[in-house]
Amino acid sequence: IDSADLAEFDLILTMADENFANLKNLDPAGSFADKIQQFTSYCQRHKQAEVPDPDYGGQDGFDLVADMLVDCSSSLIEKYSA
């Protein structure tokens, strides 16, 4: 992702805090702040700030991430398909 993507895309979602910060740094004036969002902000059942790396949680880690992706994706689809 580069600064041109901020103008081109309607929504850019990040799964990790570091990626979120890096994208915000591409937009120092905050012109595209509403487009850059944490994927987890769409979660209804999970309260984690970022999607964890499943490699460090064994099968439970992969199950958690899969569940989070379904949770967040469902809310995202509901919001933008209405």
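**Close-up views of a predicted model**

**View 1. Helix H3 and its buried face.** The buried residues of H3 pack against strand E1 (12-14). Buried means under 20% relative accessible area, exposed means over 50%, and partly exposed lies in between, with a 1.4 Å probe and protein chains only. Helices (H or I, at least four residues) and strands (E, at least two) are DSSP runs, numbered from the N terminus. This is a predicted model: local features need pLDDT of at least 70, side-chain atom pairs count only at pLDDT 80 or more, and totals for chains, interfaces and linings use all residues. Residues are numbered from 1 along each chain as its sequence is written, and side-chain values use heavy atoms, with hydrogens and water left out. H3 contains 24 residues and spans 34 Å between its first and last C-alpha, close to the 34 Å expected at 1.5 Å a residue; the expected span is 1.5 Å times one less than the number of residues. Its buried residues are Gly61, Val65, Met68, Asp71, Cys72, Ser75 and Leu76.

**View 2. The largest nonpolar core.** Eight residues form this core: Phe39, Tyr42, Cys43, Val51, Val65, Met68, Cys72 and Leu76. A nonpolar core is a set of buried Ala, Val, Leu, Ile, Met, Phe, Trp, Tyr and Cys residues joined through side-chain atoms within 4.5 Å. In soluble globular proteins, nonpolar side chains tend to be buried together. Not counting residues up to four places away in sequence, Leu76 touches Leu11, Leu13, Phe39 and Tyr42; contact means heavy atoms within 4.5 Å.

**View 3. Gln37 in strand E2.** Gln37 is located in strand E2 (residues 36-38) and is buried, at 18% relative accessibility. Its side chain makes a polar contact with the side chain of Tyr42, at 2.5 Å. A polar contact is a pair of N or O atoms within 3.5 Å; within protein, one must be able to donate a hydrogen and the other to accept it, and residues adjacent in sequence count only if both atoms are side-chain atoms. Neighbours within four places in sequence aside, Gln37 is in contact with Leu11, Ile12, Leu13, Thr14, Phe20, Tyr42 and Tyr80.

**View 4. Thr14 in strand E1.** Thr14 belongs to strand E1, and its relative accessible area of 4% makes it buried. With residues up to four places away in sequence not counted, Thr14 touches Asn19, Phe20, Leu23, Gln37, Gln38 and Phe39.

**View 5. The salt bridge.** One salt bridge is found in the whole structure, where the term stands for a side-chain nitrogen of Lys or Arg within 4 Å of a carboxyl oxygen of Asp or Glu. Arg45 pairs with Asp67, and their closest N and O atoms are 3.1 Å apart. Arg45 lies in the loop between E2 and helix H3 (58-81) and Asp67 in helix H3, so the pair ties together parts that are 22 residues apart in sequence. Arg45 is exposed, with a relative accessible area of 52%, whereas Asp67 is partly exposed at 30%.

**View 6. Glu18 in helix H2.** Glu18 is part of helix H2 (residues 17-25) and is exposed, at 59% relative accessibility. The C-alpha atoms of Glu18 and Gly30 are separated by 17 Å, with the two residues 12 apart along the chain.

**View 7. The chain as a whole.** The protein chain has three helices and two strands, in the order α-β-α-β-α along the sequence. Its C-alpha atoms fill a box of roughly 40 × 35 × 20 Å, taken along the principal axes. Of the 82 residues in the protein chain, 29% are buried.
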